[in-house]
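Q: I'd like to learn how to read side-chain packing in a model. Can you walk me through it?

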Amino acid sequence: MTEAVITGLGPVALNGLGKDRFWEALRNGKAGICPVVHSQGDRHSREIAGRIPRSWILERDSYSHFNGASWRTKLIVAAARLALQDAGLTQTEYSSCRASVIMGASNIDMEVTERELAVYMESGAACPTGIASASPHAAASEIARELNCSGTVLTFTVACSSGLVSIIAAVESILRGESDLVLAGGGDASVTPFFVNSLCATGVHPSNSGNGSAMASKPFDAQREGGVLTEGAGVVLVESLEHARQRGAHIYARVTGWGIANATSPKLLREAFASAMEQSLARAGLSPGMIDYVSAHAPGIQLSDRLEVQAIKDVFGVQAYNLAVGSIKSMIGNPMAASGPLQVIAAAQSIEHGYLPPTTNYQHPDPHCDLDFVPNLGRVARIRKVMVNSSGIGGCIASLIVTKVNPGSR
């Protein structure tokens, strides 16, 4: 059986575009969260959220051939282009292989939906391209069209876990021998008036707009108020080890284990987290003590952060207190379907550089969250195996393990 490896990284995050800027920002604890003002007629609202600067994307790449695409689609396409470029592949080379595209999006495109609904309510006229633009599958479809990909083209929609689940599906496609190359990941751009206020109403997004924006996202901190909604996209190129060797590709890491579980109620979130992590360990043939770092889902929500920590203790036992656990959402917020892929990209770079990025904004210890969260300052570390966790509204929990590649196996 072949192995699945990661050979291309394409991050589009608040704190950096492309792997080098993204990694430098993570090393330095740099965030990109800021106040966002929404205007609807005479009403104005101010929330803490995070938007990708339009100039980063529109001035860098040409989108003239699909001007009707949504902002989310453009973010995901940009991430796919970055991953392909980082992997050293041209579009022609990609399309000449047994290639696939598997993406994740948390829901319908809220920016398109809210805009078109407002037009419809005012004029009674519906846009003929609105449904296609708002479809969760729009980005995967556009990437496949741009790359002339005739292989498998899929989209997973399981809330924030969508991006990590898409990477798991890509790995399985490689291992089944269906694909040699898969662009996998996801993204979201749902910083819209209705969606942000809906999250505030549920208590999972900070409603205190007076909170300092740079400090708003604070996973594991006792005074955390919720996950800060942001935009973003992350795509990786997953490749069979044989194919990567044949073309002399740079290999960041192997994907060795994964698991997916479901919590049918918030009370079962702890058990679902534990199940997904145990599945990933078993598939990788690892004991808990062999994991060096856990990239936690941890968006900064009181209940879910606590339950994820409890699940880590359930799985790792006393070894949990010797384990580094971090959340890059302290710097990138929660870009929903992009969060898992961006965590995987950060994990691959942590392995490559031997460095753990910090969990920033950690000031008030929570007695229920008492592990080593790499607080506020990153550090040099020997990292060979990283577990990445992701959780979505509705109960889908995913866990994935990326492992350092031995020099002799490249």
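A: Start with contact, which means heavy atoms within 4.5 Å. This is a predicted model, where local features need pLDDT of at least 70, side-chain atom pairs count only at pLDDT 80 or more, and totals for chains, interfaces and linings use all residues. Residues are numbered from 1 along each chain as its sequence is written, and side-chain values use heavy atoms, with hydrogens and water left out.

Q: Which residues is Val344 in contact with, leaving aside neighbours within four places in sequence?

A: Val344 touches Ile6, Leu164, Ile167, Val236, Val388, Leu400 and Val402.

Q: And how do I read a nonpolar core?

A: In soluble globular proteins, nonpolar side chains tend to be buried together. A core here is a set of buried (under 20% relative accessible area, 1.4 Å probe, protein chains only; exposed is over 50%, partly exposed in between) Ala, Val, Leu, Ile, Met, Phe, Trp, Tyr and Cys residues joined through side-chain atoms within 4.5 Å. The largest one has 47 residues, and Phe22, Val344 and Val402 touch the most other members. Another core, of 37 residues, lies apart from it and includes Ile76 and Leu183.

Q: What describes a pair of aromatic rings?

A: The distance of the centres and the angle of the planes. Rings of Phe, Tyr and Trp (its six-membered ring) pair if their centres lie within 6.5 Å; planes under 30 degrees apart are stacked, over 60 edge-to-face, the rest tilted. That rule gives three aromatic pairs. Phe220 and Phe373 are stacked, at 3.8 Å centre to centre and 5 degrees between the planes.
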